[in-house]
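Hello,

Here is the structure for you to look at. My notes follow below it.

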Amino acid sequence: MITLDNLKTAMPLSLHAAVYVDPLNAAAKEFSIEKPEDLAAWLGNIAVESAQLNAVLENMNYDAHALLEVFPSHFKSLQQANQYAHDAQKIGNFVYANQEGNGPPESGDGFKYRGHGLPQLTFKNAFIECEKALGIPVVEHPELLLQPVNAARCAGWFWHWKGCAPYAEKGDIDEVCLKWAGSHEGLAKRKGFFNKFLKEFS
């Protein structure tokens, strides 16, 4: 059972913890995320991806210097980055083009299928899988994942879709992070939240 105190203690910067208590409990039950290690790892990754339940939509509004830092494989010079700076739609359509089911920049897929929900679900193929699993028309209406119940259900489904549970139960947060994010980005933060939540559920 996830309580408001659990969420507020582990995520002190959360402004919306009260909104998510019931949706997170329902999603944990629906997707059998019940062992202390599972809950701790699941919520720890959610905490990182959603900035402690404060963000369920990826903010693509970067300045030129941030574009060079965040997307170094796409932006090779400050001059190039300046052409995209603070144009969230243009940035999303460029950096997420032609990947994982997304079309070219002019398709609009990059911006449409930028990070949504508590797991920051990204790319059209992932939205297709999410729609199949949850029965919610998120391919046509990604904004449905911004609703707390859907955002939490998406995170519950995502946990199993990425195969995180076996590693969480062994306390292998390095591998959980790799499965969830595709890299070790934010690993130290994920471990920190895992430890906080594990203390809550132990």
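How many residues does helix α3 have, and how far does α3 reach from its first C-alpha to its last? Helix α3 (residues 36-49) has 14 residues and reaches 20 Å. That is close to the 20 Å expected at 1.5 Å a residue, where the expected span is 1.5 Å times one less than the number of residues. Helices here are DSSP runs (H or I, at least four residues), numbered from the N terminus.

First, two cautions. This is a predicted model: local features need pLDDT of at least 70, side-chain atom pairs count only at pLDDT 80 or more, and totals for chains, interfaces and linings use all residues. Residues are numbered from 1 along each chain as its sequence is written, and side-chain values use heavy atoms, with hydrogens and water left out.

Back to α3. Ten of its 14 residues are buried (under 20% relative accessible area, 1.4 Å probe, protein chains only). Among them are Trp42 and Ile46. The buried residues of α3 pack against α2 (17-30), α9 (148-161), α10 (165-168), α11 (173-181) and α12 (187-201). After α3 comes Ala51, with a positive phi near 50 degrees.

Now the core. A nonpolar core is a set of buried Ala, Val, Leu, Ile, Met, Phe, Trp, Tyr and Cys residues joined through side-chain atoms within 4.5 Å. The largest has 51 residues. Leu7, Leu24, Trp42, Ile46, Leu118, Leu121 and Trp159 touch the most other members. Helix α3 supplies at least two residues of this core. A second, separate core has 13 residues, including Tyr84 and Val95.

Best wishes

Technical notes
Buried means under 20% relative accessible area, exposed over 50%, partly exposed in between (1.4 Å probe, protein chains only). Contact means heavy atoms within 4.5 Å.
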